[in-house]
Amino acid sequence: MKAIIFLFFFQTFLFAQHPLYLQFTEKDGLPDIEFYSIVEDNQGFIWLGANKGLYRYDGKEFKNYSHPDKRGLSVFGLKFDKQNRLWCNNISGQYFFIDNDSLSLFKDLNTFTRGQLGRFFFHNNKLVVSCGSKLLKVDLDTKEEIDVFPDTTSSNGAFESGDTLFILKDKALRYLTEDKQVIQTLSALEMPKVVSLIDVFKLGDDELVQFSYEGGVGLIFGLRTKNKFNLLRKSGLDKYNRIYSAYKEDDKIWLCTRKGVQVYQYKDESFQLLTTYFKGVEITGMIKDSSQNYWFTTLRNGVYIIPNIKLEKYDLEKRVSNISAMCKLDADNFIYGTTKGSLFIVNKISNKIKQIRTSCGEKVNKIAFNGDNKIYVSFETKGLLIDRETNVVTSNKLTGLLSNSKGMSVINDKKIIFGASEYSEIIDVENGRRRKLGTRRTYATHYNKHTKEIFVAYVDGVEYYDKDFKANKITFKGEPIITIAIDHTDDNTVWVSTFKNGVLGIRNGEVVCNYSIKNGLMSNQASLIKSDGNFLWIVTDKGVQVLNVVTGEFKNLTERDGLNSFNISDILIFEKKLYFSSNKGLFKIDKKEIFKEKNLSEIYFTKISIADKDVELKEEYDLPANTKNIKIQFHINGYLSYKNIRYKYRLLGASNSWSLISEGVNEVVFNSLSSGSYVFELKAEDKFEGGETDIRSIKIKINRPIYKRWWFVYVLLLFLTFIILFYNRRRLRAKEKEQDQLLNQIAKEKEMVFLKLENLRSQMNPHFIFNALNSIQDYILLNEKKLAGDYLGKFADLIRIYLNQSSKDFIVLSEEIDTLKKYLELEKLRFEASLEYKVSCCKDIDIDTIEIPSMLIQPYVENSLKHGLLHKKGKGKLEVSFEVDSKNKFVLCKVKDDGIGRDKAIALRKKRNKYHNSFATKATQDRLELLNYNKNSMIEIEIIDLFSENGKPQGTEVLIKMPYKKY
């Protein structure tokens, strides 16, 4: 059954075409939304004068500049002087400039401006400030202020042109000569009322002057060209539209106004409006930067950027902007369909569109035109046939064969190649006859009218069919070719895009060339391709390229050109223009002028840190040995410059080869450099365009460790020589000293032996022996044989012990106690009943493991008996006790008697004329000196005189502190 639907066209004008732009707002890191002026410096930095202050943009980050004495935040009037210093001012009358990357206050002219925003410029090394009716010049070197007019006169404004200062005064434009300081009339303006100069805009070598007049409505304009000033009575400009700034490019004049950016051409003494951008938006300033990006500042909408003025977007309604398919109809018309099933025919000359009314709301998959007024449209579940002459849309069983197309190529006015999700075939659209080609999922179809070859891209590879419809498999490196787009250029090369191998050129069923990232393709992942004579347009996931298939040269369009989507659904080629569609709308480019010259800004170093501490940026660094973690950071200015840039570096002194830095990384770190001199060299290149920056370098010197420096080695050799000499000399002295010590030791040992003998003599003195033998004799006479035998045995034992101990330096404490007891037991016989003695020791002392010097205590016990107790009337008492200090390793022996005391004993000796040094005492003192010789722990002797409470002598106590050692 055939259904015929009469087509009604709904005619409308397309919304205005506008260069594709991007908008910076606070969401994108923009520090403000209200801007007053914009400039670019010679390093590629973008400077913005904003309501919140002065900002610098490097293509990635915004940096704020302020001054501690600055009143308020807003800055205005950004401009450069002849030294390329950036200047700005504020409403408070302060004038600033950038010096050494900081904002410096030049002059505070608040008393002159009185709260008004002064307009300023530079003339003959002077800052000229025009504010209201006043004009002030300030010398840039001395800061001297010069009031141009006396108090009685005033101006209506001034501007500078070349070396001349022009002043508006008394309805005449005059100029002020620098030498005579006089005002001369240049030309009369013949204005109806007193005018005031609002602003002056540089237009190359000319100036556009904007006036206002008292009591009048609107604006008056004048143009100065070649020292001639013309008042523009019929300027062609909107006299009710305030101009904020102006920019001249070739023969076009861009005016930033309250109503948007108006582009004019000055011709026949009048401005002719060409177009308006950003209609209804207050544009305060604009620049074209060194990379040919257009920047626009606004009062409330942030900053706009037009990366490529030749890339235009149709201002379509959102509901009809998601385009899924397009098809060229003739030299002036094309048709497109959307994901919502809408169809539109566009006339690119008149910019009119006709909407084709259909009842289908499905996505338009493919559109084809047979060249004879028949348009084939494939939806997801149906197909349509549109007759351009009769405006009839046909939908029937035959057109139903066109549903859900994956590829549709016209063979002639009757036949098409149709690819579907499960097959491919040739369809005769007049009678419905079908010829199957393949029974697999189809991605794309193509027909070469010159060679009559059919190409079909299947899910498992590409096949081409000859005139007899014989299928031939095409492979690349032995693998099937997976593609979604096929086209051919005028040289009859068939091109296919691939997902991983770039773009392949095929002739006679064989792959004859391959373009990939190795020879100019931005990415090996290619999608849509479209031929244009011997040019091939290629869409990849990195951008859009056009390939000259004859020369092999590429030209590129990337995100830096403003492309906001690479999800391109179709491309249409016309003589001078190219149209492409995506999910974000319809776009138009000028095929020749779209490729702008992309200049690389100079690379510069942003930060140097050494051992994780930031240091001053310098060209050369002299660093100590073992310096760790040298980090060098760098950057290139420019909008999205980092997108296409890759950095390379080398470290001369370590390697002459260039190393590639990972994409997106803008720093190099050297964790540990050995000693030596290095030159760090850095450069950047556009990875798609191929340009390179100049090489920037930093010299790094890592000093040798001190022990590797020549002077250190020299000093070290001298020092070693000195040490050897000193060592040898000291060694000789040590040997001499050792020999002396050996001789002294031998002498001391001899002396020690002698003193031991002397001690032995003192212990076996004649009185003791005589008394002992008398006592034995008395026992014998009294016939006390047993007592005499016992006494004689004890006397013999004591003599034997003394002789034995005289050969020892140390004896155990238990032996000393036994010896003292035997000695006192024999002495008691001499004293008879008048002597009472006691030898005691602390219970916690192990007397069998402690060794003390031999023959040391007995002489002090003898002194107590001989000098203390012998002359005492009545019974005498002697106590000998031992204590041990384990912590300090000392034995403390106390010898205590209750005799007559030392003073009385001395007196008795003097009375008997027997005063002399005790032989035993002197020997003991000499021995003490020998025992203490060259010892850290010494034997100490302390003698204490004891007295009663009334001061009478009551005896003597001797404290003997001896170091001990364990047995």
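Hi everyone, let's start with a pair of residues: Ile571 stands opposite Phe580, which lies in strand S59. Before I go on, please keep in mind that this is a predicted model.

So where does that pair sit? As a quick reminder, strands of a sheet pair through backbone hydrogen bonds, either parallel or antiparallel.

Now let's step back to the whole sheet. In what order do its 5 strands come? The order is S3-S32-S60-S59-S58, and together they form an open sheet with antiparallel pairing. At the edges you'll find strand S3, residues 17-19, and strand S58, residues 568-573, each of which pairs on one side only. From one strand to the next, the twist averages 25 degrees.

Next, please look at a hairpin elsewhere in the chain. Strand S13, residues 119-122, pairs with strand S14, residues 126-131, in the antiparallel sense over 4 bridges. Within that pairing, Phe120 has Val129 of S14 as its bridge partner. There are 3 residues between the strands of this hairpin, and Asn124 takes a positive phi near 50 degrees.

Are the side chains of S13 buried or exposed? In a regular strand the side chains alternate between the two faces of the sheet. Here, both faces of S13 are covered: Arg119 and Phe121 are buried on one side, and Phe120 and Phe122 are buried on the other.

For a contrast in setting, let's move to helix H3, which spans residues 710-763 and includes Leu717. Why do we call Leu717 exposed? Leu717 counts as exposed because its relative accessibility is 51%, and the cut-off for exposed is over 50%.

Last topic: the cysteines. A disulfide is a covalent bond between the sulfur atoms of two cysteines. How many disulfides does the structure hold? The count is 0. Take Cys842 as an example: the closest cysteine sulfur belongs to Cys841 and is 5.9 Å away, so the two are too far apart for a bond. The cut-off there is 2.5 Å. Cys842 is partly exposed, because its relative accessibility is 32%. Cys327, on the other hand, is buried, with a relative accessible area of 10%.

Conventions. Residues are numbered from 1 along each chain as its sequence is written. This is a predicted model: local features need pLDDT of at least 70, side-chain atom pairs count only at pLDDT 80 or more; totals for chains, interfaces and linings use all residues. Side-chain values use heavy atoms; hydrogens and water are left out. Helices (H or I, at least four residues) and strands (E, at least two) are DSSP runs, numbered from the N terminus. Buried means under 20% relative accessible area, exposed over 50%, partly exposed in between (1.4 Å probe, protein chains only). Two strands pair if DSSP finds at least two bridges between them. Axes are lines fitted to C-alpha atoms, for helices over the stretch in contact, and angles run from 0 to 180 degrees between N-to-C directions.
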